[in-house]
Amino acid sequence: MSDYDAIVIGAGNAGLTAAATLQRAGVRTLLLERHNIPGGCGTSFRRGRFEFEVALHQLSGVGVEGQPISLREGLFAQLGIVDKLEFVQEHDIYRAVVPGRLDVTLPADWEAAAAALDEQAPGNKDRVLRFFELIKQVTFWQIAAMRGMPVEQIDPVLFRYGLRPLKDVLDEYFDDDRVKLALGTYWTYLGQPPSKLRFQDLALTLFAYFEFKPWHVRGGSQAMSTAILDTFLEAGGEVRFNTGVEAILTAGGRAFGVRLDDGTEVTALDVVSNASLPTTYGMLEGIDVPAAVRDDLSTRRIGVSGFVLHMGLDATPAELGFTTSTTFVNRDTDDDHTYRAWKSFEPARGICVSSYDVAPIGFAPAGATHVSLMTLQYADIWRDVSPSEYTRTKFAYAETLLDLCETVTPGIRDAIEEVDVATPLTMMRYLGHPGGAIYGYDQDATEGWLFRNSERRTHVPGLHLAGSWAGIGGFQPTLEAGARVARRLLRAKAA
């Protein structure tokens, strides 16, 4: 008899929701996490009198009360954690700034956002509304296709626009580069520039934030991670922190358990891995990695990581000039240049500024504010930095983020009380991801549900994959992915 019905490796977003879904359905589940807290990217840490949010900039898909097909009424209700969380709504999706050229705040409302863009670039309101209608149509039919609707029933609008580069669609609808940049700003959430990003990916992202609004959680993403862990434990689940997995055990071509880093072997009928795909398959013992898997992995590229400057500021958001929770600041409208710069130490060309106290989440004391500046970077350049130069290099690069931030918040340096800097190497160390990748593999046109099926099949019976490395990156997608994998496993057990 197996020690457990299921073992879940990793307590990141997908690992937590997979474990909680299984345990609440009566599946005896062991959750293993090598860190000392749950959450993966969904965590926080303290410096002085501030608590810093690690990674959550905006949570999509929460929805207002009573809104169907939302995290609030769907996954969170199913897990029994809605009443354990206090959601904090952002009323703007973001402010987009190119110093001297563009400064527009888009409310989280289709009509109001079109009006705001028309005020910034007169004569574009009708074009923006038509573009928004395209977003709604492409998103609707994309979801229908993802849920298995026969291709002959899908509206041709998805085939005409879905896989086209975002840049091409923006060029078709708009002449003004300012409007294109303002509407394409979320491309950094997806890790690909508009010249490469599939339009359907940006459409789905914008739809999620406009329709279901952007949110935070009071107490940060750590509060959400803890709430999911608590519901898992309340249902009788077992978690072991500070526990790494050394190997996934197999016999007869099937996974049957794991060996922990202390040599202990634990058996289960099924193993769910929230670790990266290279790590997961590298842990297989007693079986060769299937040829189909090797062929698939050889065509994929490790995705981008992040560089984050966390700051505790001795000033209020109003005193600093923050009017929105999320601000994107770009040096110019050349997104391809910005993307190329992620592979060098060229001064940051684009940053996401998160001010967590415009709509407070409870991490800063009265009269102060918690702000993070983030840009994306690939990890390779950091591997060549010597240990003796690492600290100097990371703080020198952090200064370039501050330089860009000061174009919208002059004097922010004078208010700094606490500071912490995370590089792609930091992401590698805490997440255990190759390259410190925060979205999994590079989310180019060959990734996703149309071309990859890795979330559904590992070619190793008893081994299941959950998380950004087996699908779409980001908080909402990975939270949903873990529960989806668990439900699929439950259906298989019931068959």
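This is a predicted model: local features need pLDDT of at least 70, side-chain atom pairs count only at pLDDT 80 or more; totals for chains, interfaces and linings use all residues.
1. Seven strands make up an open sheet, and their order is 7-6-15-16-17-14-18, with mixed pairing. Look at the two ends of that order: strand 7 (102-107) and strand 18 (416-422) sit at the edges, and each has a single partner strand, so one side of each has no neighbour in the sheet. If you ignore direction, neighbouring strands here are turned by 15° against each other on average.

2. Now zoom in on one strand pair. Strand 16 (residues 350-355) and strand 17 (residues 369-377) run antiparallel, and four bridges join them.

3. Next, helix 4, which turns up in two helix pairs. Its axis and that of helix 3 (residues 110-120) come within 8 Å and cross at roughly 145°. This crossing is right-handed. On the helix 3 side you'll find W110, E111, A113, A114, A115, L117 and D118, and these meet K125, V128, L129, F132, I135 and K136 in helix 4. Sorted by class, the contact of helix 3 with helix 4 has nine nonpolar, no polar and four charged residues.

4. The other pair is helix 4 (residues 125-146) with helix 6 (residues 166-173). They pack at an angle of about 140°, and their axes are 10 Å apart. The crossing of helix 4 and helix 6 is right-handed. Here helix 4 brings R127, R130, F131 and L134, while helix 6 brings V169, L170 and Y173. The residues in the contact of helix 4 with helix 6 come out as five nonpolar, no polar and two charged.

5. On to open space: the second largest pocket holds about 420 Å³. Of its 20 lining residues, F45, V54, D420, T426 and Y430 are the closest to the centre. Which element gives the most to the lining of the second largest pocket? That would be helix 17, with five residues. Strand 3 (44-47), helix 16 (387-405), strand 18 and helix 17 (424-431) are the elements giving two or more residues to this lining. As for class, the pocket lining has ten nonpolar, six polar and four charged residues.

6. The largest cavity has a volume of about 30 Å³. To find this cavity, select its lining: T338, A341, W342, E346, P347, A348, R349, G350, T375 and Y397. By class, that lining divides into five nonpolar, three polar and two charged residues.

Notes:
Residues are numbered from 1 along each chain as its sequence is written. Side-chain values use heavy atoms; hydrogens and water are left out. Axes are lines fitted to C-alpha atoms, for helices over the stretch in contact, and angles run from 0 to 180 degrees between N-to-C directions. A crossing is left-handed if the near helix is turned anticlockwise from the far one by less than a right angle, and right-handed if clockwise. Contact means heavy atoms within 4.5 Å. Ala, Val, Leu, Ile, Met, Phe, Trp, Tyr, Cys and Pro count as nonpolar, Asp, Glu, Lys and Arg as charged, and the others, Gly among them, as polar. Two strands pair if DSSP finds at least two bridges between them. On a 1 Å grid over the protein atoms alone, a cavity is a set of points where a 1.4 Å probe fits but cannot get out, and a pocket is an open set with protein on both sides within 12 Å along at least five of seven lines; lining residues have an atom within 4 Å of a point. Grid points are joined across faces, edges and corners, and a volume is the space filled by probe spheres set on the points.
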